[in-house]
Amino acid sequence: MSITARLAAAAALAVAAVPAMAQELTINSFGGAYEQAHRKCVIDPFIAATKAKVNIVTAYSADAFAQIRAQKAAPQYDVIHFSGGQEIVAAKEGLLAPLDPKLVPNLAKIYDFAKEGLATGQGPAYQIAAVGLVYSADKMKTPPTKWADLLKPEYSEHLVLTDISNGYGMIGLLMLNKISGGTLDNIKPGLDAIQKLLKQGAVMVSKSPEIQAEFAQNGAWLAPYASDYAHTLKVAGLNVKFVPGAEGTPASFITTNLVAGRRNTELASKFIDIQLSAPAQACFADALRYTPTNSETVLSAEVAATVVYGKDAAAGLMRFDPVAIEANRSAWTEAFGKAIAR
Amino acid sequence: MTDRRETWLLLAPGLLLLALGFLLPIARMLALSVDGPDGFTLSAFARFFQDGYYPSILWRTVWLASIITAICAVIGFPMAYIMARCNPTLRLWLVMLVILPLMTSVVIRTFGWMVLLSRSGLVSRTIRDMGFGGRSFQLMQTETAIVIGMVQVLLPFMVLSLMGVIGRLDPRLEEAARTMGCTFLGTMRSVVLPLAVPGLVAGSLLVFTLAASSFVTPSLLGGARLEVLAGAVYKNVTQTLDWNFAAAQATILFAGIALILVPYLRLGGNRHG
């Protein structure tokens with residue numbers, strides 16, 4: 001046994017010894033408004049139910065993944081949340097533990113598409129950021145209904161596109177590519193479509209706040225973007241609405257995962273169960289307008305009108321393979337840069 | 001002997017900082033740019049020149065930096081002259097006016113320009129109202145916007161470098177030229193300007209290098225479609241995690257700037273001597 005392995009084993013023992021004395025759980029969250037909602041909807045109810053202590057580490061998906069990978073011998077997280085598909089790789093590397101349906105009863109109520117990877121150890125999606133059409137209700141008397149509407153020349157001068165550096169921009173490109181006849185092996189049709197739209201007068205931005213500026217000041221009517229950001233624009237006072245495109249709604253899944261090699265699996269499962277519960281999901285949808293994945297979630301009419309909601313709508317949700325996206329990111333970024341360059 | 005030792009002692013902190021903060025990172029960058037999975041490779045450089053895309057970014061970077069430098073010099077020279085020759089109270093105020101913008105973050109100042117230059121902003125709207133430019137004309141996301149924003153950010157460097165040099169010129173030289181029948185503009189051209197060349201060179205160097213290596217202002221004002229090299233490097237470091245290619249681009253930028261600056265430095269050095 002090498003010294004590092006011995007140290008790691010000692011650390012694992014020391015860490016494992018702690019939960020026996022105090023009920024404690026370590027999780028990651030994403031900071032800002034997200035973490036506030038996380039606290040309110042999941043963490044506080046969990047503490048009230050179990051009297052356990054929760055340590056929240058603010059770490060985005062890529063960072064969190066790097067951490068649990070480095071901690072493989074002595075994991076420090078109990079529950080880990082990902083938004084970029086990291087659970088697929090993490091499960092493959094044996095960093096995650098499969099959930100026990102007996103310990104997570106709410107799992108039965110989760111839509112099937114949101115728990116597809118369960119058998120391989122991936123955690124379920126507890127919420128989904130749906131990407132569709134964000135439009136100005138003041139300017140567009142006939143609301144857009146499908147992705148193909150983005151291609152209409154009469155909208156181009158009022159269209160805002162987001163570049164590939166942005167997660168939702170990536171999804172928007174892949175969806176435009178799909179309706180233009182492309183696949184994940186060939187994104188040329190999508191790039192050609194974007195090139196054409198830019199020629200017709202569309203604007204390309206790279207950050208969310210720029211979309212707000214375009215809608216607020218620069219005569220933008222339409223943008224392919226996420227439902228949660230449409231809500232942000234609305235809160236900022238703009239009459240902006242979100243509608244899913246008829247051809248399908250590509251989505252970014254936010255998953256909750258049980259870390260392998262920790263002792264307090266029961267407590268962590270309880271946490272995940274609360275996270276998957278209908279009240280927690282309704283609370284999250286109310287605060288941030290993410291799509292719930294629990295089929296029994298009840299939303300108020302006001303919230304329901306602004307998110308992809310209900311069995312049928314949720315069934316239209318689709319996911320571009322995160323592994324393919326990661327594998328192609330570098331090449332696509334370069335091709336995208338060339339396509340949009342002036 | 002002690003003299004020499006003192007010299008080295010005084011130089012040591014600066015040299016150490018230079019070695020740790022400049023030479024070492026540059027060496028690492030150079031190493032990274034030719035490092036591949038199988039050891040030494042020039043593939044990153046080959047990729048840069050494989051088609052016209054990256055060279056066009058390099059060209060835009062150098063070209064914009066040159067225009068920005070030229071405009072800063074044209075605006076900065078008269079300003080620096082007046083600041084050097086006016087009474088001390090006015091000079092203090094003018095210096096404060098020039099330096100004051102430096103106390104605000106460059107991002108904030110750039111956001112100001114974004115408001116003015118956007119489609120419904122004051123500048124773009126005025127130009128449209130005057131009948132120039134089409135219905136959706138805007139200055140945002142154009143090279144003009146980058147130049148305007150960068151000139152405002154970098155002008156103080158030019159003015160301050162020039163002012164230092166012009167302030168040290170003996171005013172009696174100008175008086176002599178004028179008494180000999182030279183016009184004001186003639187005095188400027190044949191007396192002040194040649195003597196101010198070291199300041200002009202120093203200011204241009206500062207402005208050019210800062211303009212060529214900046215990416216915040218170009219990316220905010222130029223948008224995603226007008227890439228500059230520093231922005232491309234940033235993208236490769238943070239988004240596509242392609243550090244070897246980023247290092248190669250940085251090396252090319254570094255070499256490009258050095259290639260332009262060396263003759264320029266010699267120009268300044270000769271005049272100075």
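How many helices and strands make up the secondary structure of chain B? Chain B has 13 helices and 2 strands, where helices (H or I, at least four residues) and strands (E, at least two) are DSSP runs numbered from the N terminus. The model is a predicted one, in which local features need pLDDT of at least 70 and side-chain atom pairs count only at pLDDT 80 or more, while totals for chains, interfaces and linings use all residues. Residues are numbered from 1 along each chain as its sequence is written, and chains are lettered from A and ligands numbered from 1 in the order in which they are written.

The C-alpha trace of chain B spans about 75 × 70 × 30 Å along its principal axes. Of its 273 residues, 32% count as buried, that is, 20 or more other C-beta atoms, placed from the backbone, lie within 10 Å of the residue's own. Among the contacts in chain B with a separation of 6 or more, 73% join residues 24 or more positions apart, a contact being a pair whose C-beta atoms, placed from the backbone, lie within 7 Å.

Within chain B, helix α3 (residues 53-85) packs against helix α7 (residues 143-168) at an angle of about 40°, with the axes 6 Å apart; the axes are lines fitted to C-alpha atoms over the stretch in contact, and angles run from 0 to 180 degrees between N-to-C directions. That angle makes α3(B) oblique to α7(B), since angles under 35 degrees count as roughly parallel, over 145 as roughly antiparallel, 65 to 115 as roughly perpendicular and the rest as oblique. The residues of this contact divide into 24 nonpolar, 2 polar and 1 charged, with Ala, Val, Leu, Ile, Met, Phe, Trp, Tyr, Cys and Pro taken as nonpolar, Asp, Glu, Lys and Arg as charged, and the others, Gly among them, as polar.

Between the chains, the contact takes 14 residues from chain B and 19 residues from chain A. On the side of chain B that touches chain A there are 3 nonpolar, 6 polar and 5 charged residues.

Chain A is divided into domain 1 (3-128 + 251-318) and domain 2 (131-249 + 321-340), with bounds that come from an automatic or database domain assignment. In chain A, 15 residues of domain 1 are in contact with 13 residues of domain 2, and the side of domain 1 that touches domain 2 has 9 nonpolar, 5 polar and 1 charged residues.

Also in chain A, Cys283(A) is found in helix α11 (residues 278-288). Cys283(A) counts as buried because it has 20 C-beta neighbours inside 10 Å, and, residues up to four places away in sequence not being counted, Cys283(A) touches Lys40(A) and Cys41(A).

Note on methods. Contact = placed C-beta atoms within 7 Å. Buried ≥ 20, exposed ≤ 12 C-beta atoms within 10 Å, placed from the backbone.
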